[in-house]
Amino acid sequence: MKRISSLEKKYVQEVLDSQFNSKDGAKFNKLLEKKFKKKFKCKYAIPVANGTAGLHIALLTFGLSKKDEVIVPALTMSSTAISVLLAGGTPIFADIDPKTFLIDPKSIKKSINKNTKGIITVSLYGLMPDYKEIKKITSKKNIFIIEDNAECFLGRSLKNITGSYGEFSMYSFQSSKHITCGNGGIITTNKRDLYEKAKEISNLGYPISGKKSFTRNNIQDPNFERHKVLGLNYRLPELCAAVAYAQLERIEDLIRVRKEAGKKFKKIIKEFSFVKEQKVPKGYIHTYWCFPFVLNFKNKNIWFKFKKIFNKNGGDFFYAAWKPAYLEPLFKTIYSSTVINKKYSKGLCPNAEYIQERVVQLKTNYWAPRRLNAQLGILRKTLKEIEYEYLSKNL
Ligand SMILES: Cc1ncc(COP(=O)(O)O)c(C=O)c1O
């Protein structure tokens, strides 16, 4: 199987053949929106320029000010926290559950105060967090949830798919994700008012409904007032929508490839006592955007030994985890100018910091089984060498 098939090429060609004729201008955006809603069982969907833009739009609908706090997990790609800053709010970092590597409901509970406006939950690596507990905490409070499902398409937690729990759900189509168009994304919601606000913000504030809608007649009227609210141009280009739509038609196959790789990697790491896996709670379905495992030695430098041996053995490119955002230089500067006066230094979220320095994130998008099988052998060989070298040394 190929990641980009003749279908993506066919749809792209269709857009090019249309000469970007404005009459057909949004054909694939509309098809993408319709199919996504059906597949992800939600009422509204808005294709957007990228996942970060999607989070930004969703947050802007809630009109944050600096004293408004949004809780985000400490272990994730930094767009989650950056989008809160972009929307004018203040990110507060919750620690992770050391077993699942996902935002810990206990830490959420501790972080909530009178300024808390919302939570961005992240389905890290393709696994949804514990929404049963999270909802228990937020149910009697006026706190929004935005699901960051950039890394999780059609995952399940207790029979519910991604997007079932939040006011919004965001999916990324960036090049490493389950379905891609190079860069792009989509946000979904089940609430009409939020959809309308988000749609307008994503499209320069153009009105979407009522008397002032963007009809041909209105465009041909010099008195037409276009800008109802302040918005951004976060539209998904039609060429990208064509690719994303083809990928959506093939989504089951694209997810299956990753899940199969995840299952096979899991079998290998179970042979090694010093390797800690991401626990998948009962009733959850992991979609394995990547396959994470922790080299569970006190000495974090074993990670670098692993990297060296894995590369020497012919291992494929793999990712290190993102630093907790609050340890990034950007956040250090930003925090000195926020209204909250807290220390954002090492030790704030110890579980996230421990895992972040020791986790290996293997890619799972193997389109040729032969290549995956070779990597499985290389992983086992590497872990055996680590076991031989370091396990007995009590590191
Ligand atoms: C968890 C998470 N959130 C947000 C993003 C941002 O998405 P994008 O790159 O499409 O802006 C990504 C990945 O890129 C991600 O992995």
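User: In this predicted model, in which sense do strand β6 (residues 156–157) and β7 pair, and over how many bridges?
Analyst: The model is a predicted one, and in it Ser157 stands opposite Asn160 in β7. Strand β6, which covers residues 156–157, is joined to β7 in the antiparallel sense, and the number of bridges is two.

User: Is strand β2 (residues 69–73) mostly covered or mostly open, and how many of its residues are buried?
Analyst: Glu69, Ile71 and Pro73 point one way from β2, while Val70 and Val72 point the other way, and all are buried. Strand β2 is thus described as mostly covered, with the number of its buried residues being five of five.

User: Which residue of β3 is the bridge partner of Glu69?
Analyst: Strand β2 pairs with strand β3 (residues 90–94) in the parallel sense, over five bridges. Between the two strands the chain passes through helix α4 (residues 79–86), and this β-α-β crossover is right-handed. Within β3, the bridge partner of Glu69 is Thr90.

User: What span should helix α9 (residues 238–249) have, and how far apart are its end C-alpha atoms?
Analyst: Helix α9 has 12 residues, and at 1.5 Å a residue they should span 16 Å. The distance between its end C-alpha atoms agrees with this expectation, because that distance is 16 Å.

User: Which elements do the buried residues of α9 pack against?
Analyst: Helix α9 is mostly covered, since 10 of its 12 residues are buried. Among these buried residues are Glu238, Cys240, Tyr245 and Leu248. The elements against which the buried residues of α9 pack are α1 (6–17), α2 (27–39), β1 (44–48) and α10 (251–269).

User: Which residues come nearest to the ligand?
Analyst: The shell around the ligand divides into three nonpolar, nine polar and two charged residues. The elements that give two or more residues to this shell are α3 (51–60) and α4. Of the 14 residues around the ligand, those that come nearest are Asn50, Gly51, Thr52, Ala150 and Ser172.

Note on methods:
Residues are numbered from 1 along each chain as its sequence is written. This is a predicted model: local features need pLDDT of at least 70, side-chain atom pairs count only at pLDDT 80 or more; totals for chains, interfaces and linings use all residues. A residue is buried if 20 or more other C-beta atoms lie within 10 Å of its own, exposed if 12 or fewer, and partly exposed in between; C-beta atoms are placed from the backbone. Helices (H or I, at least four residues) and strands (E, at least two) are DSSP runs, numbered from the N terminus. Two strands pair if DSSP finds at least two bridges between them. A crossover is right-handed if, with the strands pointing away from the viewer, the path from the first strand over the helix to the second runs clockwise. The expected span of a helix is 1.5 Å times one less than its number of residues. Two residues are in contact if their C-beta atoms, placed from the backbone, lie within 7 Å. A residue is near a molecule or strand if its C-beta atom, placed from the backbone, lies within 6 Å of it. Ala, Val, Leu, Ile, Met, Phe, Trp, Tyr, Cys and Pro count as nonpolar, Asp, Glu, Lys and Arg as charged, and the others, Gly among them, as polar.
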